[in-house]
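Grab a pencil and open the viewer. Below are a few exercises, each with a solution worked out step by step.

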Amino acid sequence: SGGGIVAYADSSRPEEGSGPPQQDVPRKKKVVVLGTGWGGTSFLKNLDCSRYDVKVISPRNYFAFTPLLPSVTCGTVEARSIVEPIRRMFEKKNKDVAYYEAECFKIDAAKKAVHCRSAVGTNLDGNGDFEVDYDYLVVALGATVNTFNTPGVMEHCHFLKEVEDAQKIRKSVLDCFEKASLPNISEEEKRKILHFVVIGGGPTGVEFTAELHDFLVEDLVKIYPAIQEFVKITIIQSGEHILNTFDERIAAFAETKFQRDGIEVNTGFRVLKVSDDFITVKNKSTGGEILVPYGMAIWSAGIGTRPVITDFMNQVGQAKRRALATNEWLRVRETDGVYAIGDCSSISQRKIMEDISTIFKVADKDNSGTLTLKEISDILEDICIRYPQVELYMKSMHMLDIADLIASGVGDSHKESMVVDIEEFKNALCHVDSQVKTVPATAQVAAQQGYYLADCFNKMDHCKEHPEGPLRLSGSGGDHHNFRPFRYKHLGQFAPLGGEQAAAELPGDWVSMGHSTQWLWYSVYASKQVSWRTRVLVVSDWTRRFIFGRDSSR
Ligand code: FAD
Ligand code: MG
Ligand code: MG
Ligand code: MG
Ligand code: MG
């Protein structure tokens, strides 16, 4: 890249006639961040930007608080209340960061550069493309919708990924009500126009359904009393239950509440095709096909891979994957200086059985060819940091300590005086890798990964000087073997269900449902806002809705 080379030359040239020559001052490493969503902004907020030359590239110059997007669809919260301008985030922290409003369409790992296309215009030659080179690249591009190539979905369904989507949905809902109010519309047609179908019973689909239902019964029926009786909401879910990533009690509570509200929940149905007037669904158990007339359909079934990520995966030998595979330190496998966080990535956890001989050797300090319980206990902490599946396995088997686990390999339990050889050690650990967990595609994960990665970047110099880190089992850590691997901390999840009720799943198998949980939801979501400005806006939107109802003008 011309620009990159020029910038490099400039920054390394000593100032003429002033002070000591600067060639001793190392050039700041260039960090390029792709994406300003949960992962990207969390990384930027925690990064010590004075250490790096930071450039941020994203077609959206704002961060969107996605958990409140369903509320925007019905005007419970205004769109502007959930977005925070990216430039304002840097300004506040006095950070010297460059932002380019552009889309990255190619990552060139060999050349260590990204190719971008301006979202706002071109130069005088009509060229909107440019190239930015990096030393470290942080890929936080998120995911896109996945239609599973179902015909008609792209053309006829709404999606709920972006702020614009939520605004379009809001307008469409009101369009349906106006259309059904016209004088020359038959009852049958009214029923069709006012049939709202939500495809996908995951958290987003369920939350949107709840919002829509509240909007209908609390606001719209009052202003459209004549057509109230024709309104219907249906959820189509291919699995056995809605909210199937939640605790069963929550799924059951949600299904019962929806039934009471008159929302039709059709589980075990798959959408085959969407046309202008009908959705063709298939009953998965009987195989029968049904035509469902509808007025408006929202597709929220599954997340897909962005083309730029697919292209990059092909370059780095990760073809046919859904997301970029990283190591436990979030570095993309087989790349130099490329990291990936959030929905576009997935961590491939190293299996303990791949390193079992190394671990045995490290533990066997006296080279006796056998391990005592003490020798094993001494490295247990390191093992648990490097291979979180060990702890999960012991927990799932109700084992209290490492002695139980090792005894399971020896076959008897003279625990304290136990001595194991490599075969017995392998036997004890051979089922542990079945507990490897993947992290979900959520804001919580993306934010924690962004924070973690920035922390590693902030300490990178320090760690180069002190390469012997806390971990003695280096495994495949590469340049990062002295950092602790990323560990996801699940803080629980909420499912707002409408009618001032919510369900929550909190750490320690704690499940809570009902009205008080909704208040917990309000307070958690207010506190999670990225700035006081959006916090005030969101809370005042909620208050306004309590007092005056939602705004039903377009
Ligand atoms: P994103 O936040 O999607 O960010 C991707 C960024 O990349 C965006 O800034 C985008 O503009 C940018 N970008 C896209 N393409 C390009 C390109 N070619 N070049 C440059 N930049 C590009 N999670 C929860 O934990 N709790 C919830 O309650 C919750 N509710 C949700 C509700 C809805 C309606 C939705 C859609 C999602 C919800 N999620 C929730 C999931 C959560 O939003 C995602 O997991 C999270 O956004 C992932 O963060 P990310 O940084 O990977 O991607
Ligand atoms: Mg992001
Ligand atoms: Mg986001
Ligand atoms: Mg992920
Ligand atoms: Mg020994």
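A residue is called exposed when its relative accessible area is over 50%, and buried when that value is under 20%. Keep in mind that you're looking at a predicted model.

**Exercise 1. Find N367 and decide: is N367 buried or exposed?**

Solution. 
- Step 1: go to the loop between helix 11 (356-363) and strand 21 (371-372), where N367 sits.
- Step 2: take its relative accessible area, which is 68%.
- Step 3: the cut-off for exposed is over 50%, so N367 is exposed.
- Step 4: check the backbone too. Most residues other than glycine have a negative phi. N367 isn't a glycine, yet its phi is positive, about 55°.

**Exercise 2. Now look at F148: what is its phi near, and is the residue buried or exposed?**

Solution. 
- Step 1: F148 belongs to the loop between strand 9 (144-145) and helix 5 (153-156).
- Step 2: its phi is near 50°, a positive value in a residue that isn't glycine.
- Step 3: the relative accessibility of F148 is 53%, so F148 counts as exposed.

**Exercise 3. Work out the order of the strands in the open sheet of seven strands, and say which strands stand at its edges.**

Solution. 
- Step 1: walk across the sheet and you get the order 7-6-5-2-1-8-19, with mixed pairing.
- Step 2: strand 7 (129-133) and strand 19 (338-340) each have a single partner strand, so one side of each has no neighbour in the sheet, and these are the edges.
- Step 3: ignoring direction, neighbouring strands here are turned by 35° against each other on average.
- Step 4: zoom in on one pair. Strand 1 (residues 29-34) and strand 2 (residues 52-58) run parallel and are joined by six bridges. In this pair, V33 stands opposite V56 of strand 2.

**Exercise 4. Which residues make the nonpolar surface patch of about 530 Å², and which helix gives the most to the patch?**

Solution. 
- Step 1: the residues are W519, F546, I547 and F548.
- Step 2: helix 18 (residues 532-548) gives the most, with three residues.
- Step 3: W519 lies in helix 17 (residues 515-527). With a relative accessible area of 53%, W519 is exposed.

**Exercise 5. How far apart are G508 and G492 in sequence and in space?**

Solution. 
- Step 1: find G508 in the loop between strand 24 (501-506) and strand 25 (510-514). G508 is exposed, at 71% relative accessible area.
- Step 2: along the sequence, G508 and G492 are 16 residues apart.
- Step 3: in space, the distance from C-alpha to C-alpha is 9.2 Å.

**Exercise 6. How many helices and strands does the protein chain have, and what share of its residues counts as buried?**

Solution. 
- Step 1: the chain has 18 helices and 25 strands.
- Step 2: of its 554 residues, 51% count as buried.
- Step 3: the accessible surface comes to about 26,800 Å², and 52% of that belongs to carbon and sulfur atoms.

Notes:
Residues numbered from 1 in each chain as written. Chains lettered and ligands numbered in written order. Predicted model: local features only at pLDDT ≥ 70, side-chain atom pairs only at ≥ 80, totals over all residues. Heavy atoms only, no water. Patch = residues over 30% accessible without salt bridge, like charges linked within 9 Å, V, L, I, M, F, W, Y side chains within 5 Å. Areas by Shrake-Rupley, 256 points an atom, 1.4 Å probe, with all protein chains shown as cover. Salt bridge = Lys/Arg side-chain N within 4 Å of Asp/Glu carboxyl O. Helix = DSSP H or I, 4+ residues; strand = E, 2+ residues; numbered from the N terminus. Buried < 20%, exposed > 50% of the residue type's maximum accessible area, 1.4 Å probe, protein only. Pairing = 2+ DSSP bridges. Axes fitted to C-alpha atoms, helices over the stretch in contact; angles between N-to-C directions.
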